[in-house]
Amino acid sequence: GDLYSGDYTDLENVDHSFGIKKKEYYGFSSVVSGACSLRYADSEDIDNSIIGNGLTISLDADTSLTYEDLYIDGERNFLVSYTRDAQVLFNGWLTPEGFFEDFVSDKWVITLDCTDGLGFLQDLSYVDSNGLFYTGKQSQLEIIVNCLNRTGISQEILTNVDIYYNGLSTTLDILDNVYYNADRFVKDDGDTIMSCEEVLNDILEPYKATIISFNGQWIIFKLNQMFIDSDRDYFR
């Protein structure tokens, strides 16, 4: 269960809820008071294949509730979820450097920053759960799944890059029908593996496609499509 959880109703009478879950924690959840603010990508990010977003949680603290147990060194210790109007908007990780305390007498506010996990991929090699290099032929979709698994965030994947090759039915996802040899992700020294960020860019850039986390799902699409038709069908 959640280590901390809370809910509130905003001025427009919309219900919000959030939860902070600690890995391997099975105790009771403490209901706390706070509010959330979701941050999407800036306009200068739109040319990137990987666009992350973040969440800020502001929690009311006092001398009896200091949240000291959240101050743990290292990444990916606390999983965070945020729901608005019964719709999951964010799944991610609490970032250890994202703490800010605003003290007011014996009560204060703690601000927590959270990330959707895509930013971790630049520091994570494209290896399996045992740390071993992948070998053999893999579909682009399989490779994408392997990369996203390394974020530690479990979400459905929706894809629509609106590109097909001659002979491929439009009822099929091209990402599930184009294959790479995993050896392409080993650098020229024969020993260094590319990061998951480099691998995702290698797949998505030729399609001019982008990956984001949105409404609790990974979505792979082309931004320019959305200007033409925002109501699109996706492979799930």
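Me: Leaving aside its neighbours within four places in sequence, which residues is Asn177 in contact with?

Reply: Asn177 is in contact with Tyr165, Leu168 and Leu172, once neighbours within four places in sequence are left aside. Contact means heavy atoms within 4.5 Å.

Me: Where do these values come from?

Reply: This is a predicted model, where local features need pLDDT of at least 70, side-chain atom pairs count only at pLDDT 80 or more, and totals for chains, interfaces and linings use all residues. Residues are numbered from 1 along each chain as its sequence is written, and side-chain values use heavy atoms, with hydrogens and water left out.

Me: OK. Where does Asn177 lie?

Reply: Asn177 is in the loop between strand S10 (156-160) and strand S11 (179-181). Strands (E, at least two residues) and helices (H or I, at least four) are DSSP runs, numbered from the N terminus.

Me: What does the side chain of Asn177 reach?

Reply: It reaches the backbone oxygen of Asp173, at 2.8 Å.

Me: Does Asn177 count as buried, exposed or partly exposed?

Reply: Asn177 counts as partly exposed because its relative accessibility is 26%. Buried means under 20% relative accessible area, exposed means over 50%, and partly exposed is in between (1.4 Å probe, protein chains only).

Me: What is phi of Asp162 near?

Reply: Phi of Asp162 is near 55 degrees, a positive value in a residue other than glycine. Asp162 is in the loop between S10 and S11. Asp162 is partly exposed, at 43% relative accessible area.

Me: And what is phi of Asn215 near?

Reply: Phi of Asn215 is near 55 degrees, again positive in a residue other than glycine. Asn215 sits in the loop between strand S12 (210-214) and strand S13 (217-221). Its relative accessible area is 24%, so Asn215 is partly exposed.

Me: Switching to sheets. What is the order of the three strands in the open sheet?

Reply: The order is S10-S13-S12, with mixed pairing. S10 and S12 are the edge strands, and each pairs on one side only. Two strands pair if DSSP finds at least two bridges between them.

Me: How many bridges join S10 to S13?

Reply: Five, and S10 and S13 run parallel. Leu158 stands opposite Ile219 in S13.

Me: Which helix lies across S10, S12 and S13?

Reply: Helix H1 (residues 140-149) does, running at about 140 degrees to S10. Axes are lines fitted to C-alpha atoms, for helices over the stretch in contact, and angles run from 0 to 180 degrees between N-to-C directions.

Me: Which residues of helix H2 are buried?

Reply: In H2 (residues 196-204) they are Cys196, Val199, Leu200, Ile203 and Leu204. They fall within an arc of 120 degrees seen down the axis of H2, so they line one face of the helix. That arc is of the directions from the helix axis to the C-beta atoms.

Me: What covers the buried residues of H2?

Reply: The cover includes H1, S11, S12 and S13.

Technical notes: A polar contact is a pair of N or O atoms within 3.5 Å; within protein, one must be able to donate a hydrogen and the other to accept it, and residues adjacent in sequence count only if both atoms are side-chain atoms.
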